[in-house]
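This briefing covers the surroundings of the ligand and the salt bridges of the protein. The sequence and structure come first, and the notes follow by topic.

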Amino acid sequence: MKAVILSGGFGTRLRPLTINTPKSMVPVLNIPFLEYFIKRLKSHKVSDIALAVSYLAEPIKDYFGDGSRFDVKLSYTVEETPLGTAGAVKNAGGFIDGPTLVFNGDIFTDLDLTAMMENHNQNKAMLTIALTPVEDPTSYGLVETDNRNRILRFLEKPNPDEITTNMINAGTYILEPEVISLIPSQTNCSFERDIFPLLLREKKDVFAYPADCYWIDIGKPENYFQLHYDLLNGKSNQYRFNNGKKKVVTGTHCIIHPSAQITGPAVIGNNCVIGEDVKINGSVVIGSNCQISNNSVVDDSILWNSVHVEPLARIKHTIIANNSHIGSGSTIEEAVLGNNAIIGYGQHVKAGRLVSPNTIVN
Ligand code: GTP
């Protein structure tokens with residue numbers, strides 16, 4: 001089976017990280033998010049993959065190229081402006097010649113794709129939608145099914161008294177080429193709002209594939225955090241933290257002062273310098289070429305590449321994108337900093353603050 005991965009959205013909810021970096025390329029444990037996706041597809045013998053790109057397409061193409069480095073065949077379908085989830089797949093119509101897997105490119109899941117493909121074929125479905133359970137169904141679009149998993153109804157953000165299920169659309173579909181013929185060309189069109197309800201109205205064979213396995217979408221900073229926390233703490237079977245042997249994984253050419261305390265679980269990239277009496281607590285990821293200077297404390301945070309932290313700074317539950325500079329004695333809590341942010345000496349960055357790329361906080 002072929003696959004289309006939707007990787008062209010603006011990723012507005014993940015700003016400021018997605019102002020310079022497409023959502024598909026944000027690092028997860030120092031590896032671009034999409035790389036996990038491609039490896040997972042390969043492990044299910046899906047190796048002919050189209051990436052539907054639009055906003056910030058170049059960093060994706062530059063990194064993945066024709067896919068040969070990952071032993072898959074990658075092609076790109078480009079929308080001048082994003083056409084929506086269904087519009088993007090219509091734009092990739094030339095690639096589709098049989099049942100095809102379609103993915104929202106911001107989902108991390110252990111879903112068994114091989115079993116889902118078998119299930120789609122057994123049901124002779126026109127469309128199969130993977131479902132995942134959620135704890136609080138009121139803020140999602142719910143999917144109601146009968147006892148044979150035929151989809152009966154989509155329920156958008158229901159009131160508590162309307163709730164009949166806790167299963168939501170998991171952003172993974174298998175569709176037959178007939179579905180493509182129902183999508184208008186070069187028009188913004190959504191699967192969730194336009195095409196799926198249309199298929200139900202026309203009484204097509206639309207089935208669900210419910211799966212209770214690890215699932216998260218990284219669309220918001222708290223979810224992006226949660227994915228790191230979950231992977232570092234062994235919640236997904238796609239990543240075994242250094243085979244459970246070590247709680248701190250360090251790259252090459254790092255200089256870590258013997259007095260530095262790193263509790264782990266932590267991942268540290270290449271060429272990092274960790275100074276005297278630095279404390280790195282909890283789930284922490286530090287990219288390559290970072291410097292954490294003497295007496296600084298980093299708690300439960302994600303630092304991308306080339307971040308420089310001066311002495312006596314305190315960083316807690318914060319995401320800091322590439323090339324940012326944190327002045328000495330400053331404190332940052334529950335914030336998200338875009339690329340090239342500069343936090344001056346002794347500054348206090350308040351909880352919830354989003355610092356745009358190239359901003360100086362003084
Ligand atoms: P927000 O702006 O934060 O809602 O994020 P988003 O633009 O990524 O939208 P959403 O989270 O709904 O998208 C789900 C997946 O579909 C993501 O992987 C997006 O990259 C992708 N996607 C959304 N809209 C488009 C589009 O118009 N074209 C393409 N190619 N992909 C899209």
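**Ligand shell and salt bridges**

Helix α3 (residues 84-91) gives the largest share of the shell around the ligand, with 3 residues. The model is a predicted one. In total, 19 residues surround the ligand. Salt bridges in the model number 8.

**Shell around the ligand**

- Leu6, Thr12, Arg13, Glu79 and Gly84 are the closest of the surrounding residues.
- Sorted by class, the shell holds 9 polar, 6 nonpolar and 4 charged residues.

**Polar contacts to the ligand**

- A nitrogen atom of the ligand lies 2.7 Å from a polar side-chain atom of glutamate 79, a residue that is also listed among the closest to the ligand.
- Glycine 11 takes part through its backbone: one of its polar backbone atoms is 3.2 Å from an oxygen atom of the ligand.
- Aspartate 106 has a side-chain N or O atom 3.3 Å from an oxygen atom of the ligand.
- On its own the ligand has 600 Å² of accessible area, and the protein covers 82% of that.

**Salt bridge between lysine 2 and aspartate 97**

- Lysine 2 and aspartate 97 form a salt bridge in which the closest N and O atoms are 3.2 Å apart.
- This pair links distant parts of the chain, 95 residues apart: lysine 2 belongs to strand β1 (residues 2-6), and aspartate 97 to the loop between α3 and β6 (100-104).
- Lysine 2 counts as buried because its relative accessibility is 17%, under the 20% cut-off.
- Aspartate 97 counts as exposed because its relative accessibility is 61%, over the 50% cut-off.

**Salt bridge between glutamate 144 and arginine 153**

- The side chains of glutamate 144 and arginine 153 meet in a salt bridge, with 3.0 Å from N to O.
- Glutamate 144 has a relative accessibility of 14% and therefore counts as buried.
- Arginine 153 has a relative accessible area of 38%, so this residue is partly exposed.

**Salt bridge between aspartate 299 and arginine 314**

- In the salt bridge between aspartate 299 and arginine 314, the closest N and O atoms are 3.3 Å apart.
- The two residues are 15 apart in the chain and link distant parts of it: aspartate 299 is in strand β22 (residues 297-299), and arginine 314 is in strand β25 (residues 314-316).
- Aspartate 299 counts as buried because its relative accessibility is 9%.
- Arginine 314, at 40% relative accessibility, counts as partly exposed.

Note on methods. Residues numbered from 1 in each chain as written. Predicted model: local features only at pLDDT ≥ 70, side-chain atom pairs only at ≥ 80, totals over all residues. Heavy atoms only, no water. Near = heavy atom within 4 Å. Polar contact = N/O pair within 3.5 Å; in protein donor to acceptor, adjacent residues only side chain to side chain. Areas by Shrake-Rupley, 256 points an atom, 1.4 Å probe, with all protein chains shown as cover. Helix = DSSP H or I, 4+ residues; strand = E, 2+ residues; numbered from the N terminus. Nonpolar A, V, L, I, M, F, W, Y, C, P; charged D, E, K, R; others polar. Salt bridge = Lys/Arg side-chain N within 4 Å of Asp/Glu carboxyl O. Buried < 20%, exposed > 50% of the residue type's maximum accessible area, 1.4 Å probe, protein only.
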